[in-house]
Structure formats: structure tokens, C-alpha cells
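Dear colleague,

I am passing on to you the structure we spoke about, and my notes on it follow below. Please read them with the coordinates open beside you.

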Amino acid sequence: MVNTSRKGIILELSHVQKKFGNHEVLKNIDLKISSGEFVAIVGKSGCGKSTLLRQIAGLDQPTEGSVNYDSTRLKGLSPDVRIMFQDSRLLPWKRVLNNVGLNMKKDNLQSARTALQSVGLSDKETDWPKSLSGGQQQRVALARALVSKPRLLLLDEPLGALDALTRIEMQSLISSIWEDEKFTAVLVTHDVSEAVFLADRIILIEDGAVKLDKPVNLPRPRQRGSVEFAQIENDVLSKILAK
Ligand SMILES: Nc1ncnc2c1ncn2[C@@H]1O[C@H](COP(=O)(O)OP(=O)(O)OP(=O)(O)O)[C@@H](O)[C@H]1O
């Protein structure tokens, strides 16, 4: 099914510019993201995708312009925003369940258990992170990101270090969890196929601005082998490679 839960704007970026010294990475980003939307950000390496996500997260402040979250100017990381990175960032001295329920009291770990169950790792509760595969570690990181029921989930190449098959499995997992929980998601990815599989909209960043804002109106779950899927993928890829 196509996502229809567009309940108004949750994120609004207006004229966002980001400079590091004289290096202007983001020149002028205008972007509105609706509540419940899944947005993918793509673009060539070094175009500023992660920099953009850091401004959205409130981890960094734009040089000019504004990022509004829920109509309020963002000044830092909001408690209902969670981020997941390429590396799981699990604490090696805590068992899996305690990594998911990091700040929870021992007798109140039920929501951590539920989150672990949603990523298919109930049987790993008492394992140490280092005993898990890379894909399993990212599942735990996903459970940890979701346990507090964030309204906005930011994903910075979360599947970038995984092998191709695990990556495809994780994409399906993220898609089905997002369909169930209806949070807003912003995904940075190099993988255009991943963007088409997951996103309602694909944003292409080039020269510090939005070069393409393309809706993906395909029914879910998406069929990678379909002609429509390939057309959208080719269209975005050709725009990325055009320069
Ligand atoms: N803290 C920083 N200080 C100085 N330069 C930075 C900083 N963060 C990012 N940059 C520069 O900004 C540019 C964009 O980096 P960014 O990581 O946002 O790109 P990206 O599109 O996410 O790249 P990739 O796809 O390779 O991960 C790069 O030239 C990078 O060197």
C-alpha cells in the first residue's frame, strides 16, 4: 500500500546553508517533510548528505537558514528523534537487551524485549554484542533506536557495511517496521535501489542544493524486479550521473 498518513509538516528546512571555513557544503536547501513520510537523500560522495542529516538531527547548526521541527526552531537533539549510523555503536560491556534498554531500570525492560522481538532477535537477549554478526548488530541498533517510539528516525547509511543479502533483508525489515509504526524517516544512502525500495520521496543533493525531489508512488511491499521500480531507479541514477 502507498503510505497515506500525511498529517502535516514535521520538518521544514528553509534556505539552509552550511560552511566549513570557506567550504560551502550546503548552499541553499529548502525542504519540507510530512509526518509519517519516508524520505531518502541520495547524491554523489561528498555532496553533503551526512552534513544535511546532522542539521536535521540538531547535532549541528546551519551557518544560515533554519531547521524547524514541529514548527519550532531546532537547537539540539530532540528526545523524540533517534539516529542510526553505519556502525552499530553498541556498548561492548552491555548485553544485547541492556543495549536496547540503555537507560531503563532492570525491572522495566519489557519495551526493550518488544523492540528486540520486532527485529527478530528475542533469542539474543543475553548475548554480548561481539558475538553477533554485523547484520544482527545493526538489528540491535535498530531496536535501540525504536524502543523509545521516536517520531523521527534518521538513518545515516545504516546498511552501508552489510553484505548484499543481509542488506536486502534489513531493507524489508525497516520497511515493515515503518509501515507498522508510522514514524517519519529520513535515510541517507548511496544505494539508489535501497532508496526506491524504502522511500516515498527521493531527494537528490547536488552542488549544495536539491537537484531532484522525486515521489516514489509504488505499492508496498515493493517489487525490485518490476519495470516501474527499474524506471524510477534508472531515472534517479541518470540524474546523479548526469554531472
Ligand atoms: N566537520 C567538518 N569539518 C570540515 N569539513 C567537513 C566537516 N564535515 C563534513 N565536511 C566536508 O563536507 C563535505 C560533505 O561531507 P558529507 O560527509 O556531508 O558528504 P556525504 O555526501 O555524506 O559523503 P559520503 O557519501 O562520502 O559519506 C566533504 O567535503 C567533507 O569533507
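This is a predicted model: local features need pLDDT of at least 70, side-chain atom pairs count only at pLDDT 80 or more; totals for chains, interfaces and linings use all residues.

Ten of the 13 residues of helix 4 are buried, so the helix is largely enclosed by the rest of the structure; the buried residues run through Q137, Q138, R139, V140, A141, L142, A143, R144, A145 and L146. Among the elements that cover them are strand 6 (81-84), helix 2 (96-100) and helix 3 (110-118), together with strand 7 (152-156) and helix 5 (164-181).

In the loop between helix 3 and helix 4 lies S133, which is exposed, with 11 other C-beta atoms within 10 Å, where a residue counts as exposed at 12 or fewer. The C-alpha atom of S133 is separated by 9.7 Å from that of L162, although the two residues are 29 residues apart along the chain.

**The nonpolar core**

The largest nonpolar core has 64 residues, and those with the most contacts inside it are A40, I41, L154 and V186. Helix 4 (residues 134-146) gives the most to this core, with six residues. As for I41, if residues up to four places away in sequence are not counted, it touches K49, L52, V186, L187, V188, I203 and I205.

**The ligand shell**

K49 also belongs to the residues around the ligand, which are F20, V25, G43, S45, G46, C47, G48, K49, S50, T51 and H190. This shell divides into three nonpolar residues, seven polar and one charged, and helix 1 (residues 49-57) gives the most to it, with three residues.

**Helix 7**

Helix 7 (residues 227-241) has 15 residues and reaches 21 Å from its first C-alpha to its last, close to the 21 Å expected at 1.5 Å a residue. Which residues of helix 7 are buried? They are I232, E233 and V236, and these cover an arc of only 95° around the axis, which puts them on the same side of helix 7. The buried residues of helix 7 pack against strand 3 (38-42), helix 6 (192-198), strand 9 (201-206) and strand 10 (209-215), whereas the face turned away from the buried side carries the exposed residues V227, Q231, N234, S238 and L241.

With best regards

Methods:
Residues are numbered from 1 along each chain as its sequence is written. Helices (H or I, at least four residues) and strands (E, at least two) are DSSP runs, numbered from the N terminus. The expected span of a helix is 1.5 Å times one less than its number of residues. A residue is buried if 20 or more other C-beta atoms lie within 10 Å of its own, exposed if 12 or fewer, and partly exposed in between; C-beta atoms are placed from the backbone. The arc is that of the directions from the helix axis to the C-beta atoms. Two residues are in contact if their C-beta atoms, placed from the backbone, lie within 7 Å. A nonpolar core is a set of buried Ala, Val, Leu, Ile, Met, Phe, Trp, Tyr and Cys residues joined through C-beta atoms within 7 Å. A residue is near a molecule or strand if its C-beta atom, placed from the backbone, lies within 6 Å of it. Ala, Val, Leu, Ile, Met, Phe, Trp, Tyr, Cys and Pro count as nonpolar, Asp, Glu, Lys and Arg as charged, and the others, Gly among them, as polar.
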